[in-house]
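Hi,

Have a look at it first, then read on.

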Amino acid sequence: MENTLYLYNTLSRKKEEFQPINPKHVGLYVCGPTVYGDPHLGHTRPAITFDILFRYLKHSGYKVRYVRNITDVGHLENDADAGEDKIAKKARLEELEPMEVVQYYTDRYHYYMDLLNVQKPSIEPRASGHIIEQLQIVEDILSKGLAYESNGSVYFDVEKYNKDNHYGALSGRNIEDLLSTTRELDGQTEKRNSFDFALWKKAAPEHIMRWPSRFSDGFPGWHLECSAMSARYLGTEFDIHGGGMDLLFPHHECEIAQSTVANGHTPARYWMHNNMITIDGQKMGKSLGNFITLEQMFSGEHDKLAQAYSPMTVRFFIMQAHYRSTLDFSNEALQASQKGMERLLEATANLEKLQASDSSSFSVAELKEKCYAALNDDLNTPILIAHLFDAVKSINSMLAGKASLTTEDLLTLKQLMHDMVIDILGLSVNTSGSSEGNDELLSETINLLLNLRIDAKTNKDWGTADKIRNELQALGVEIKDTKDGFEWSIK
RNA sequence: GGUUCCUUGGCCGAGUGGCUAGGCAACGGUCUGCAAAACCGUGUACGGCGGUUCGAAUCCGCCAGGAACCUCCA
């Protein structure tokens with residue numbers, strides 16, 4: 001495929017042609033979840049965004065190593081002395097072993113990602129499994145004089161780093177701004193500057209998750225795991241680093257600083273950031289407590305939810321907005337997505353019914369070109385979907401006998417729709433995930449009833465015909481009359 | 001307070017200096033026993049005020065409103 005993919009690089013703040021370091025291979029690192037809570041709607045944004053990137057890169061012929069971590073240690077609750085590992089806190093609250101909490105929420109995360117048809121990354125490393133690598137980086141940075149030890153903790157010396165590098169290059173800040181804007185928090189006394197960040201943190205007595213080191217019994221600073229694990233599995237320089245926009249600063253900025261000191265160069269060439277999902281115009285997130293969990297989305301059990309939404313509806317909803325735009329949650333928007341997606345999937349399934357003819361009344365080649373152009377333009381899935389709806393229109397026109405395609409064009413269209421809808425957008429064709437009651441007996445029974453209805457119609461017995469239709473519909477069987485009979489599906 | 005970003009028709013949501021985004025909803029028509037589905041058609045959108053330009057929703061300035069980050073967050 002001689003397509004050129006353009007990706008928006010946060011580093012340069014513009015779209016850049018994507019060129020991998022090693023031809024045919026792509027190294028992709030994405031910040032994964034912190035597993036101390038149930039996955040919510042917000043978690044689906046990066047998961048789906050980078051799932052599409054992963055799928056598209058593979059579709060384009062690249063061999064992709066996709067690393068997405070599980071954060072199970074190290075996130076400080078507040079800062080400095082008041083710091084407490086989030087996992088540990090949750091554990092004490094629930095009186096569970098920290099690793100028990102981690103396991104539980106990791107499993108939950110995996111379960112819901114599977115429902116959303118998010119492909120598993122190639123490697124899913126855990127921070128807790130890479131303490132040694134993280135300590136090695138701490139030692140390395142210390143030996144280079146860009147970190148200092150203080151009361152059993154080790155901090156990165158941002159000011160010193162900034163002399164030869166630009167701390168803030170990714171997020172568009174500079175150290176002067178940071179000096180004046182960083183909030184004064186308790187327990188900053190260990191640090192030389194408020195913007196210094198921990199590489200290693202001494203554990204308070206009540207802190208359960210801890211590892212021995214020559215500095216103290218403690219745990220790694222929360223930016224360090226990504227530096228350690230990306231370098232271990234992708235090398236010190238790899239192609240793409242992704243994550244949520246909320247991680248841009250300080251997380252990714254610190255990551256760059258650490259890795260730059262350790263390796264002499266920035267870790268990733270392209271930095272991609274997905275925007276947030278909002279609700280009532282505000283970011284959906286843990287801190288605000290305004291999130292809707294995926295369990296709630298799929299069951300409909302939440303005050304904000306007018307109904308349950310299927311995983312595919314949620315997936316489609318997310319893909320209908322560009323990944324760098326905020327996306328506002330609303331029932332109306334979700335319902336619109338659901339209906340649109342059903343139409344798209346039905347048309348895709350109906351491709352099999354199409355008959356070729358002598359000539360083509362529309363250009364499949366042009367459609368195909370537009371689809372790839374949309375993807376190549378920084379993964380513009382809303383535009384891609386708009387083009388797919390054009391295809392839907394054409395497919396339905398063909399079904400209605402108002403459009404035609406040659407055998408060759410029809411084949412191309414089938415392949416294209418399969419590639420786009422199934423492979424790249426990752427929608428599964430069996431629409432609603434609910435009762436797949438496709439057992440013989442049920443099918444034959446419904447067929448029997450609908451055949452009786454045809455008889456009734458032949459006899460102009462509209463009362464009986466309507467009764468069969470209405471009652472079946474009430475039971476959730478969707479009925480469509482066609483020229484030569486009927487079609488039905490279970491809703 | 002600092003930095004950055006956003007404001008598009010009933011709802012969601014793309015986009016470009018001049019060429020139909022798309023979806024959902026609505027309305028009219030075709031089809032149908034009636035519906036549903038499908039098809040055809042309709043909707044004179046770009047926060048406000050100035051400026052640049054032959055021409056701006058798209059560039060610049062100001063104003064209004066909103067958001068993100070600066071603290072854990074996807």
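A polar contact, as used here, is a pair of N or O atoms within 3.5 Å; within protein, one must be able to donate a hydrogen and the other to accept it, and residues adjacent in sequence count only if both atoms are side-chain atoms. The side chains of Asn193 and Glu159 make such a contact, at 3.0 Å.

Two notes on conventions before the rest. This is a predicted model, where local features need pLDDT of at least 70, side-chain atom pairs count only at pLDDT 80 or more, and totals for chains, interfaces and linings use all residues. Residues are numbered from 1 along each chain as its sequence is written, chains are lettered from A and ligands numbered from 1 in the order in which they are written, and side-chain values use heavy atoms, with hydrogens and water left out.

Back to Asn193: it sits in the loop between helix 6 (175-181) and strand 7 (197-202). Helices (H or I, at least four residues) and strands (E, at least two) are DSSP runs, numbered from the N terminus. Asn193 counts as buried because its relative accessibility is 15%; buried means under 20% relative accessible area, exposed over 50%, and partly exposed in between (1.4 Å probe, protein chains only). Leaving aside neighbours within four places in sequence, Asn193 is in contact (heavy atoms within 4.5 Å) with Tyr148, Glu159 and Leu179.

Four strands form an open sheet in the order 4-3-9-10, with parallel pairing; two strands pair if DSSP finds at least two bridges between them. Strand 4 (63-68) and strand 10 (268-274) are the edges, each pairing on one side only. Strand 3 (residues 25-30) and strand 9 (residues 238-244) are joined in the parallel sense over 3 bridges, and Leu28 stands opposite Ile240 in strand 9.

Now for two helices. Of the 16 residues of helix 8 (residues 248-263), 13 are buried, so this helix is largely enclosed by the rest of the structure. Just after helix 8, Gly264 has a positive phi of about 85°.

What covers the buried residues of helix 13? The cover includes helix 1 (41-59), helix 10 (311-319), helix 11 (331-350), helix 12 (364-376) and helix 14 (407-424). Among the buried residues of helix 13 are Leu384, Phe389 and Met398. Asn380 caps the N-terminal end of helix 13, with a side-chain oxygen 3.2 Å from the backbone nitrogen of Ile383. Just after helix 13, Gly401 takes a positive phi of about 75°.

Best wishes
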